[in-house]
Amino acid sequence: MRSIWNGAISFGLVSIPVKLMNATENHSISFRQIHLADGGRIRYRKVCELDEREVSGAETGKGYQDPDGTVVPITDEDLASLPLPTAKTIEIEGFVPASAVDPLQLDSAYYLAANGVPAGKPYALLREALRRSEKVAVAKYALRGRERLGMLRVVDDVIALHGLLWPDEIRGPEGVAPETDVRIRDAELDLADALMNTLGEADLDTLHDDYREAVEELVAAKAAGEPVEPEGEEEPGGGEVIDLMAALENSVRAAKGSPRQDDGEVADVHPIESGRAASKRGGGGGGTEKAGGAAAEGRGAKGAGPEKKASDEAREPAAKKKAAAKKSSTGTTTAKKSPAKKSPAKKSSSTKSAAKKSSAGKASAGKSAASESSAKKKTAAKKTAAKKSSSGTRRDASGTSSRPARTRTSA
């Protein structure tokens, strides 16, 4: 580091030769003023107001202007003749706890280095005394033509000098605080404490200047001739606080990484239906189909009565069977209708068998109908012959008549 001032620390009768170096540096990007037409740099020139000509540095000096406009010239010799004991010395005035120094007074910071080998021991002595007492030293020093107030403290193994503003240079906070009386509730304080605990301690080493980095990227892009796309402007986060409690709660959620709850929005509530209610509402079509099927089965069972009588007529005398035979000989259409008479009778006994017969093909239905009609004819003929023979036998046994009974044919 390059020293900007050489002097000594006056610690009572102990003099410690030191060098003063800047402890901070400015990383701000500086710009030049240019002429927009041709890019030429614009410079400030020292021009005298009276003769309107440019003057050099050797022709310039210092002057004090009175409130009435009168200018009093002051030379460097005049300033050098003034008593300034701190011109080359940092005089320690006393020691105070670090908490006694108002941070508002802190100004520039410097490092003090021992100037030469002989200065090493008194330098280390002052450093260890400050470290063990846990105090800071208040001192006066002169820099850049004026006397200043400073504070000496230990930073690692180095003595640092912080420039301090004079107490009369600190302005009071009158008129800055809110004019109205504000009442803070305990619940709001609790939320503020929760937010502070959630945010935790700040790691100062990880903080950096985002704007400066953005400016550097902008300059590099324009120097390379690359197009620069403007980034979307963020909406200002400050302003009027409508609901302090809601703002604190949302801040705590955001700090914890949970999704933020939007103010003024109401969530849609959808009731959860039970399985029974859902089946009633969603399964209405199935229930209707089942009811329709049951009704159809009921109708089929009721309709089996007349058709059953028709089957019973097959067991009656031959005269009635002849009429049934005529109906069965009317062709294929009549033969196809005969299974319909039988299937309803069986539907009344079993629904499953009716479902199987209803799904059978038309060809098989026709064949089964023909075979069934022929079987009925044979059965009817045998029963008729048996009745005739039994009737003749009974009449012979009684002695009434040996002739067979006549069979009446009804039209």
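Mentor: Happy to! Let's start with a term we will need: a residue counts as buried under 20% relative accessible area, as exposed over 50%, and as partly exposed in between. Keep in mind that this is a predicted model.

Trainee: Is Phe 95 buried, partly exposed or exposed?

Mentor: Phe 95 has a relative accessibility of 37%, so it counts as partly exposed. Phe 11, with a relative accessible area of 26%, is partly exposed too.

Trainee: How do I read a pair of aromatic rings?

Mentor: Such a pair is described by the distance of the centres and the angle of the planes. This structure holds 1 aromatic pair. The ring centres of Phe 11 and Phe 95 are 6.3 Å apart and the planes stand at 75 degrees, so the pair is edge-to-face. It links distant parts of the chain, with Phe 11 in strand β1 and Phe 95 in strand β5, 84 residues apart.

Trainee: And how do strands pair?

Mentor: Strands of a sheet pair through backbone hydrogen bonds, either parallel or antiparallel. Here 7 strands form a closed barrel in the order β1-β2-β6-β9-β8-β7-β5, with mixed pairing. On average, neighbouring strands of this sheet are turned by 40 degrees against each other, direction ignored. As an example, β6 and β9 are antiparallel over 5 bridges, and Tyr 110 stands opposite Leu 161 in β9.

Trainee: Which residues touch the most other members of the largest nonpolar core?

Mentor: Of its 19 residues, these are Ile 9, Ile 90, Leu 112, Leu 152 and Leu 161. Strand β7 gives the largest share, 4 residues. Beyond its close sequence neighbours, Ile 9 contacts residues including Val 14, Ile 90 and Leu 126.

Methods: Residues numbered from 1 in each chain as written. Predicted model: local features only at pLDDT ≥ 70, side-chain atom pairs only at ≥ 80, totals over all residues. Heavy atoms only, no water. Pairing = 2+ DSSP bridges. Helix = DSSP H or I, 4+ residues; strand = E, 2+ residues; numbered from the N terminus. Axes fitted to C-alpha atoms, helices over the stretch in contact; angles between N-to-C directions. Phe/Tyr/Trp six-rings, centres within 6.5 Å; stacked < 30°, edge-to-face > 60°. Buried < 20%, exposed > 50% of the residue type's maximum accessible area, 1.4 Å probe, protein only. Core = buried A, V, L, I, M, F, W, Y, C linked by side-chain atoms within 4.5 Å. Contact = heavy atoms within 4.5 Å. Lists of a residue's contacts leave out its neighbours within four places in sequence.
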